[in-house]
Number of protein chains: 2
Amino acid sequence: MANIKPSVPKGTRDFSPSEMVKRNYIFDTIKSVFRKYGYQEIQTPSMENLSTLTGKYGDEGDKLIFKMLNSGDFWADPESKKQKSADFTYTSKSLLPLISEKALRYDLTVPFARYVVMHQNEISFPFKRFQVQPVWRADRPQKGRYREFYQCDADVVGSESLLNEAEFVLIYKEALSLLGLKDFTIKINNRKILSGIAEIIGKPELIVDMTVAIDKLDKIGIEGVTKELLERGFSEQDIDQLKPVILLQGSTEDKLSALKKVLSTSTIGLKGIAEIESIIDYLKKLTACSLDELSLFFELDITLARGLNYYTGAIFEVKTNEAAMGSIGGGGRYDDLTGMFGLKGLTGAGISFGADRIYDVLEELNLFPAGTSSTTEVLITNFDEQAEQYALPIIKALRDQNIAAELYPSAAKLKKQMSYADDKHIPYVVLIGSDEMLSGKLTLKNMQLGTQELLTKEELIAKLKKA
Amino acid sequence: MANIKPSVPKGTRDFSPSEMVKRNYIFDTIKSVFRKYGYQEIQTPSMENLSTLTGKYGDEGDKLIFKMLNSGDFWADPESKKQKSADFTYTSKSLLPLISEKALRYDLTVPFARYVVMHQNEISFPFKRFQVQPVWRADRPQKGRYREFYQCDADVVGSESLLNEAEFVLIYKEALSLLGLKDFTIKINNRKILSGIAEIIGKPELIVDMTVAIDKLDKIGIEGVTKELLERGFSEQDIDQLKPVILLQGSTEDKLSALKKVLSTSTIGLKGIAEIESIIDYLKKLTACSLDELSLFFELDITLARGLNYYTGAIFEVKTNEAAMGSIGGGGRYDDLTGMFGLKGLTGAGISFGADRIYDVLEELNLFPAGTSSTTEVLITNFDEQAEQYALPIIKALRDQNIAAELYPSAAKLKKQMSYADDKHIPYVVLIGSDEMLSGKLTLKNMQLGTQELLTKEELIAKLKKA
C-alpha cells in the first residue's frame, strides 16, 4: 500500500491555497452582483434520485450522469430478480435500476426545478435564486473540460417580465467589469426570431436543423453552413433566402430593421423582435445609455442558438474579446421550467457564468488583484525559546487588532522561515533576535520591497493596521 | 411522470435562501478565524479513487462509503471475468471492485493526507490548511445525522510544536465567541495520559477497552463504567485503582498535580502531562490570562478519548453549556498522518467544527444577527407601465451606489408586492403612485416599523446608503 502513488480521479482537481483565493475572488464577485439584483442563494444536495435526473438531458446526457452504487448488499436485488425469473439476463441496462437509485447532479437547472416544485408552498414568486455548486459529468476529460466543475447560475421563475432579461445583461456587465474585463460581448437572440425565419422559408419543421447549422457559422463559415443545410434537407432556394439573414451585418439597430422586413409576415418572428426591442428599452433606462453606447458590450446575433430545444424566448451568450476562449456565460428563457415535475405554467429565465474559463482568462490577462494571493499579514520569526516567549504577547496584540498573524511554530533557520513567508506570500516578517529583545525595537521586513525598519510594538501594530 | 412527487434522497437536504444566509454566516465566521491564525483554504475533489479511501475508516467505515458505479458499460468487466472463470460467483463483495473504482469522500482528513503526499514538492511546511466542504456517509439518517453534511476542518502538518495545539484552543474560543456563544467548554486530554494510566494499572494492552469504557462516563455513570470495565477484562482491583483517576474533580491545576502523583512511574504518562502544561503555558501568554481565567472555557478531562486509535497526543472536544447538544467540535494530534500514502514521519494536528450542530444551537438561542436574514435592501413597487418607467432611473441610481435593489418585475396588486417584500425580509419598500410621480417625492416604507416618509430621490439614496 505504502508504495502506491496516490492520485485523484481523471477529470477532477485539487485546488491549492493560491488557486482557492483566486477562485473565491471570482465566486464572491459574481455572488455579490447576484445579490445586488435581488437574487438569493440556495443549495441542493449533491445527490438526486436517479428518477429526478433521468430523461432530462437527452440520451447522451443520461449516459454522462454519474450514478451511485446502492449502499449495503447491492447485489441482493438482482439476485432475487434472477431467482424469480430465470430468463432475466444481466446487462448494464437491466442492472442499473436494480443497483443504483441515486446520482450526482448533472447541472443546477433540473435540481432547481425540483426544488421549486417541492417547496412551491414556501416560495414567494417571482423567485429569484442563485446557486454556486459543483456538478459532475462523466465526459471524456480534456483541456478545460472536467468531470467535476462549478456552475454559477442565477434564475428567476414565475415572472414573464422582460425586465429580468435586461437585468441579466446588466449582471453580466457588472460582474465581468468588476473582475477587470474590459472588452466582452453579451450576445442576445430570441428563439421566436429563429422560429420566424424557419417559418418564412417554409420549413418550420426544420427549425432545429436550421439552427444547429447556422450556430456553426463562426467555426465553419458560410460555405460550411450551406453544405450542412443542404444535407439537412434545405433546398438551394431556401438557402438563398436564408443567406442574407444569416449574414446580416451592421449595428443591432440595422439588424432589427432588416429583420422586421424579412419577418413581416411571421407573427412569432415579429414577437421575437418586439421582445428584443423591449429588453433594449429597459437597458437604455437602466443604464442611461443610448443603443450605440450599449452596443459596446451588447449585440444581437441571430446565429446564436445554444440549447435551442430548451429555450423559448431570449437566448444569451457571453464572449470575451481579450483572449481566445469559448463562451464564458450563457442562458435564456425557458417556459414551463417545472413542467417536468408536474407543475405547469411557470416560466423561467436564467444565466450561468463559466467560472473555470473566467479563471483562465483572468490568469492570462494577469487580472487577479495582487492582494488576492495573500492571507497571513505578518509572520513573526522564531529563533529560540527566548525569542518565542518574547513573541507571544506580540502575536496576541496583533491578533487583538484583527491582524492575521503567525508565529513560526518552532525555532528554525532564518532561510527556512523566510522561504515559508515567501511561499505563503506573507507581505511582512517581524524579526526578533537578541538585539531586538534588548532594545525593545522590532525589525519589520517588507517582503516585497526588501526594506527593513525598527519599530516599537505599538508602532508595528499601527503600521500593520493601516497596511 | 408528471404525477410523481419529486423528493430528495434520504438524509440529504435543500437549503433555502434564509437557511443559506445563516449557514454562510457560520462558515464565513469560522473561515475568518482560520485565516487570522494563518490557515489557508484548499479544496479536494468530491470523488476519490476507491483505493484512496478503502481501509482508512475501519470495516464499519468502509461500508458507509458512498461508491460510484463506473460509467459506461459497467457490466462488461464482470461478464468477461465470468467467461474466463466459470466458478466466479457474483456477490456484492466480488463485484464491487469490478464495477466501482471511485467513491465520495467520507471525511476531509484522508483527502488532505492524499493531497499533502501528492503535492509535497509544492508545499512549504509546516502546512496550515483549512477546508470547508461536504462529506458523504451512507449512515442511517436520524435527527441531526445526515448523509451529506459539511465539515469545517483546520489542520497543520509538519510541525510538532505545541503552539499549534494552543492556537487551536484560541481558534475555537474566538470563532464560538464571534458566533455569540457565551458559555462553552473546550476540553483537552492527551492520549499519552491515557496510555500512562493503562500502564500504571498494569494493563497497557487494554488501553482501547479502558478508554472506550471511561469515555462513556457522562452517559452511563461510574456504575455503568465499572460494569463495562469488568466485562472488558479488568479486575475489581484494577478498577479500584482506576476509579479515583476517572473521578478526578477540581480545577485543571488540581487534576494535573493529582495525575502527576498517580503517573509518577510512567514515562509516557508524565510526557502527556508535560504536553498539557506546555499548551497551558502558551495559552497564558497568548491570552494574558491566568489558568483560573482560562478555566472559564478550557478544561482538562481525562475521560475524553474520541477516536483514540487515531490520536497520539492532544485530544480536543468542545461542548456548549447553553443548550443540550453533543459536541460541537473536536480534534487532536495524529502522528504519521501521511504514512497511509507512503510519506512517513509527518505529524499532524487538527480540529473540526460541527457546523450543523452549531446552526441548531444558534437557532435555539436566537443568536443569528438580524441582518443575516435579509439580502435585497429595497424593493420598488410596480403598479403600471407609467410607474415602472418612472422607477427605472431610480433603480439605476440606487444600484450605482451599490445598494441591493429590486423593481417588482411587473404590475401587480400592492398586497402581493408587500408580501413578496415580507417573505424576502426586504427592510424597505419604495411606493410609486400617481401622487409620487406628480410631486417627485417618493414614499419610503420601513417594513419593520411600519412607518412611511416622503423623500426626494436624493434623500432616498442618502438614507439607504446609511442604512
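**Exercise 1.** Describe how helix α16 of chain B and helix α19 of chain B are placed, given that their axes come within 10 Å.

*Solution.* Helix α16 (residues 385–400) and helix α19 (residues 457–466) of chain B have axes that cross at roughly 35°. Helices (H or I, at least four residues) and strands (E, at least two) are DSSP runs, numbered from the N terminus, and axes are lines fitted to C-alpha atoms, for helices over the stretch in contact, with angles running from 0 to 180 degrees between N-to-C directions. The crossing of α16(B) and α19(B) is right-handed; a crossing is right-handed if the near helix is turned clockwise from the far one by less than a right angle, and left-handed if anticlockwise. Next come the residues: B:P393, B:I394, B:A397 and B:L398 of α16(B) meet B:K457, B:L460, B:I461 and B:L464 of α19(B), where contact means heavy atoms within 4.5 Å. By class, seven of these residues are nonpolar, none is polar and one is charged; Ala, Val, Leu, Ile, Met, Phe, Trp, Tyr, Cys and Pro count as nonpolar, Asp, Glu, Lys and Arg as charged, and the others, Gly among them, as polar.

This is a predicted model, in which local features need pLDDT of at least 70 and side-chain atom pairs count only at pLDDT 80 or more, while totals for chains, interfaces and linings use all residues. Residues are numbered from 1 along each chain as its sequence is written, chains are lettered from A and ligands numbered from 1 in the order in which they are written, and side-chain values use heavy atoms, without hydrogens and water.

**Exercise 2.** Describe how helix α16 of chain A lies against helix α13 of chain B.

*Solution.* The axes of α16(A) (residues 385–400) and α13(B) (residues 267–287) come within 7 Å and cross at roughly 50°. That makes α16(A) oblique to α13(B), since angles under 35 degrees count as roughly parallel, over 145 as roughly antiparallel, 65 to 115 as roughly perpendicular and the rest as oblique. The crossing is right-handed. Residues making the contact include A:L392 and A:R399 of α16(A), and B:Y282 and B:L286 of α13(B); in total there are five nonpolar, two polar and four charged residues.

**Exercise 3.** Work out how chain A and chain B are related.

*Solution.* In chain A, the C-alpha nearest the axis belongs to A:M68, 2.2 Å from it.

Note on methods: Copies are superposed by least squares on the C-alpha atoms of residues with pLDDT of at least 70 in both.
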